[in-house]
Amino acid sequence: MSYRVRFVEPTLHYQRLKTELDSTMQDVLAKGDLINRSQLREFEQNLAAFVGTEYAVGLNSGFHALHLACIAAGVGPGDEVIVPAHTFVASVSAIVLVGATPVLVDSGEDFNMDADACERAITPRTRAVMPVHLNGRLCDMGRVMALAEKHNLIVIEDAAQALGATYKGKMAGSFGFAGCFSFYPFKALGAFGDAGALVTNDEKVATMATRLRYNGEDRETGEYHYHGFTCLLDNLQAAVLDVKLRHFPRWLARRQQVAARYRAGLADIPELRLPHFEGDEYHDTFQNYVVRAARRDELATYLDEHGVEVLVQWRKPMWEHDGLNLGKHHLSGVEAICREVVSLPMNAEISDESVDYVIQTVRRFYGR
Ligand SMILES: Cc1ncc(COP(=O)(O)O)c(C=O)c1O
């Protein structure tokens with residue numbers, strides 16, 4: 001199917017930065033700077049400065065950032081970690097793969113973890129909480145941090161979808177023990193392949209992650225401190241990300257404009273609930289523009305048939321995937337989200353004309 005409006009625009013994205021990116025990539029390749037070179041360190045410094053943390057450790061995925069954060073936190077067998085059930089599976093897998101028990105909790109209107117549900121889920125075995133900032137909006141970090149302090153919990157932020165989003169002026173990823181980012185190609189800041197990073201203010205955590213990503217080795221002394229992984233952010237991707245990070249604030253501003261245009265064009269349709277939530281303390285970046293829609297499946301099909309590429313994430317709750325062994329749950333917030341949501345095209349490259357076409361197509365579907 002050739003779409004009139006793509007969900008994301010990787011080709012256009014590349015074309016717009018081609019000169020800058022080509023020269024950066026050629027430079028990396030010509031110098032043979034492939035693994036663990038200066039471009040990686042420069043990107044890490046710039047990322048840490050952007051987020052407002054002391055350290056950033058480049059990794060090859062958001063999953064590995066979460067996994068290494070759990071390891072560095074010492075979370076393991078016998079520990080419970082509270083995590084929203086409505087998230088990408090990697091958040092939960094990171095907890096399971098260190099031998100801890102994920103405690104799935106419900107989500108609220110803004111798609112993020114319900115702080116009351118989080119509080120109710122705390123037991124004497126709760127060791128950590130993993131707030132996930134979905135779609136470029138932070139969780140209620142005032143409540144989460146207060147709960148963490150009261151119950152002595154480690155906070156590992158899954159900020160994979162929230163680079164640049166803030167709560168009370170503080171950046172996603174900078175609140176807790178560690179913040180975890182994904183630079184999967186279709187994230188607001190995306191690499192040309194898998195990539196991620198862990199940020200932290202704790203030097204020991206940064207050092208441990210830096211070793212774990214390189215099979216446990218301290219590269220300066222050659223000493224192996226742990227059994228680790230091969231999960232370093234490669235140099236070429238780091239150089240690409242560093243170029244893109246310079247453009248990132250402008251892209252976030254464009255996402256705001258696109259969201260505002262959707263809002264102006266769709267807000268009067270009672271069958272839709274748009275992702276514009278209350279709270280002046282939040283600054284959202286619209287990683288995704290997720291609407292709750294009456295007759296969601298019909299709307300998604302109609303948009304698809306009329307040349308608008310959309311995404312439904314996720315059609316069934318995570319615990320219903322038997323292979324994940326997450327037990328049986330009944331979380332009405334998450335179940336409603338799975339029934340109701342569809343994500344409209346959202347990227348920094350989309351034209352106003354394309355946004356208007358999406359708006360008109362949605363309006364036509366609802367007979368307006
Ligand atoms: C909320 C969330 N957590 C974790 C991840 C994992 O990141 P990656 O795909 O880079 O491993 C993603 C990526 O899509 C995500 O959206």
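1. Asn325 counts as exposed, at 67% relative accessibility, where exposed means over 50% relative accessible area, buried means under 20%, and partly exposed lies in between, with a 1.4 Å probe and protein chains only. Asn325 lies in the loop between helix 9 and helix 10, and its phi is near 50 degrees, a positive value in a residue other than glycine. The helices and strands named in this note are DSSP runs, numbered from the N terminus (helices H or I, at least four residues; strands E, at least two).

2. The model is a predicted one, in which local features need pLDDT of at least 70 and side-chain atom pairs count only at pLDDT 80 or more, while totals for chains, interfaces and linings use all residues. Residues are numbered from 1 along each chain as its sequence is written, and side-chain values use heavy atoms, with hydrogens and water left out.

3. Asn36 also has a positive phi, of about 60 degrees, although it is not a glycine. Asn36 is found in the loop between helix 1 and helix 2 (38-51), and at 16% relative accessibility it counts as buried. A further backbone point concerns the peptide bond from Gln313 to Trp314, which is cis, with omega near 0 degrees; Trp314 is found in the loop between helix 9 and helix 10.

4. How do helix 1 and helix 8 pack, and at what angle? Helix 1 (residues 10-31) and helix 8 (residues 235-266) pack at about 145 degrees, with their axes 9 Å apart; axes are lines fitted to C-alpha atoms, for helices over the stretch in contact, and angles run from 0 to 180 degrees between N-to-C directions. The contact (heavy atoms within 4.5 Å) is made by residues including His13, Leu17 and Glu20 of helix 1 and Val240, Val243 and Trp251 of helix 8. The residues of this contact divide into 10 nonpolar, three polar and three charged, where Ala, Val, Leu, Ile, Met, Phe, Trp, Tyr, Cys and Pro count as nonpolar, Asp, Glu, Lys and Arg as charged, and the others, Gly among them, as polar.

5. Tyr14, which is found in helix 1, is partly exposed, with a relative accessible area of 24%. Leaving aside its neighbours within four places in sequence, Tyr14 is in contact with Leu21, Asp22, Met25 and Phe192. The C-alpha atoms of Tyr14 and Phe192 are separated by 9.6 Å, although these residues are 178 residues apart along the chain.

6. Ala69 is found in helix 3 and is buried, with a relative accessible area of 0%. Not counting residues up to four places away in sequence, Ala69 touches Ile156, Phe177, Ala178, Cys180 and Leu198. Phe177 has its place in the loop between strand 7 (170-171) and strand 8 (178-182); Phe177 and Ala69 are 108 residues apart in sequence and 8.1 Å apart in space, C-alpha to C-alpha. With residues up to four places away in sequence again not counted, Phe177 touches residues that include Ala72, Ala73, Ile154 and Val205.

7. Seven of the nine residues of helix 10 (residues 332-340) are buried, so this helix is largely enclosed by the rest of the structure. Among the buried residues of helix 10 are Val334, Ile337 and Glu340. What covers the buried residues of helix 10 includes strand 3 (101-105), strand 12 (289-293) and helix 9 (296-305).

8. The largest pocket holds about 670 Å³ of space and is lined by 30 residues, of which Phe88, Gln161, Tyr184, Lys187 and Gln313 lie nearest its centre. On a 1 Å grid over the protein atoms alone, a pocket is an open set of points with protein on both sides within 12 Å along at least five of seven lines, a cavity is a set where a 1.4 Å probe fits but cannot get out, and lining residues have an atom within 4 Å of a point. Grid points are joined across faces, edges and corners, and a volume is the space filled by probe spheres set on the points. The largest share of the pocket's lining, three residues, comes from helix 3, and the lining residues divide into 15 nonpolar, nine polar and six charged.

9. The structure holds three cavities of 30 Å³ or more, and the largest cavity has a volume of about 90 Å³. Residues that line the largest cavity include Gln161, Gln313, Trp314 and Ile337, and its lining divides into six nonpolar, six polar and no charged residues.
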